[in-house]
Amino acid sequence: MRPKLIPAATAAALTFTLVACGSGPETEQSAEADSQYPLTVQNCGEDVTIEAEPEAVLTIGHSAVALLDAAGATDRIVARSGEFEAPLPEGLQNPPDDIEVIDQADPAAEAIIGTGADIVIGYGLFTAAPEALEAAGIPNLIVAGECNHDEAVVEAIGFESVFADIERYGEVFGTQDAAAASIEGFQAELTELEAQAPAETQTAASVYYWSSSSSMSAHGGLSMANDLLERAGLENVYAAEQSAYFEANFETLLDADPQVIVLSYGGYGESFEDAKAKLLSEPGAADLQAVQNDRIIGVSATDVNPDQGALRGLATLIEGAA
């Protein structure tokens with residue numbers, strides 16, 4: 001999650017048809033072949049052409065790092081940004097711990113170009129002008145669950161878009177075998193987790209705070225968190241909200257009075273205890289049945305992102321729901 005109220009992917013962003021040098025969609029036989037450049041991929045509904053195999057990547061946000069790790073391409077990362085003081089996600093196979101974070105927030109175009117990166121992968125550009133990167137010949141690929149931040153979401157994010165992203169990055173970096181192996185493992189883990197979900201459905205709300213001074217926000221029906229709730233046997237009280245992230249008046253939580261509250265924490269470096277204390281300080285919080293029954297489940301913000309870390313989030317929800 002990025003500390004800005006943002007919707008998520010559009011329907012077009014969730015279809016990743018990879019086309020290289022006029023070839024058709026990838027098949028099982030072609031998956032083992034090396035990528036052919038120039039390579040054209042769909043990126044948030046638009047074609048982006050990558051002239052040569054990328055060797056130097058600037059990441060913006062945690063999901064970019066996680067997805068590149070799954071695709072077997074973290075060795076291409078030369079600089080990181082947009083992590084807002086939060087630590088890297090757990091469980092990375094090859095974490096880029098020694099790679100410099102050039103900006104904890106949104107990097108400027110000059111800073112991006114100065115890293116020598118030949119491609120940018122992340123949640124999008126908010127400070128840098130896209131035209132500046134285009135002029136420098138630096139493609140900008142946006143994580144599927146972060147497409148079109150400032151437009152209404154028309155289709156939900158879920159694990160399928162995560163797997164499609166990993167496949168896409170495997171194609172971009174010529175690491176298809178590593179990407180395919182990761183996807184196979186993640187799909188098996190997902191199946192195993194779903195089999196452990198409680199049979200009885202409970203109502204739940206997934207909420208969080210962007211900062212120590214912000215009001216409560218929630219995950220709507222089109223968010224990655226909503227997909228996790230559904231798979232964990234939890235009915236999202238905000239499922240009818242046609243957005244991924246939105247600022248929710250605390251009164252709406254009081255009115256819904258869910259059986260379970262899922263509280264994301266760590267988005268700006270705060271602990272679960274700090275986030276919980278902020279939630280409990282809200283007027284009327286003591287009247288919530290989830291508070292009275294101690295049914296507040298803490299989930300790291302990196303575990304509700306649109307990447308494979310959401311598997312950890314799902315495991316946490318299933319355990320907490322049980």
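Two strands count as paired if DSSP finds at least two bridges between them. The model described here is predicted: local features need pLDDT of at least 70, side-chain atom pairs count only at pLDDT 80 or more, and totals for chains, interfaces and linings use all residues. Residues are numbered from 1 along each chain as its sequence is written, and side-chain values use heavy atoms, with hydrogens and water left out.

The chain holds 10 helices and 14 strands, taken as DSSP runs (H or I, at least four residues, for helices; E, at least two, for strands) and numbered from the N terminus. Of its 322 residues, 53% are buried, that is, under 20% relative accessible area with a 1.4 Å probe, protein chains only.

Five strands form an open sheet with parallel pairing, in the order β6-β5-β4-β7-β8. Its edges are β6 (101-103) and β8 (140-142), each of which pairs on one side only. Within the sheet, β4 (57-60) and β7 (119-122) pair over 4 bridges in the parallel sense, and I60 stands opposite G122 in β7.

Helix α1 (62-70) lies across β4, β5 (77-81) and β7, at about 130° to β4. Such angles run from 0 to 180 degrees between N-to-C directions of axes fitted to C-alpha atoms, for helices over the stretch in contact.

In helix α8 (272-280), the buried residues are F272, A275 and L279. They lie on the same side of α8, because they cover an arc of only 65° around the axis, taken from the directions from the helix axis to the C-beta atoms. Their cover includes β9 (202-209), α7 (250-256) and β14 (296-300), where contact means heavy atoms within 4.5 Å.

Technical notes. Buried < 20%, exposed > 50% of the residue type's maximum accessible area, 1.4 Å probe, protein only.
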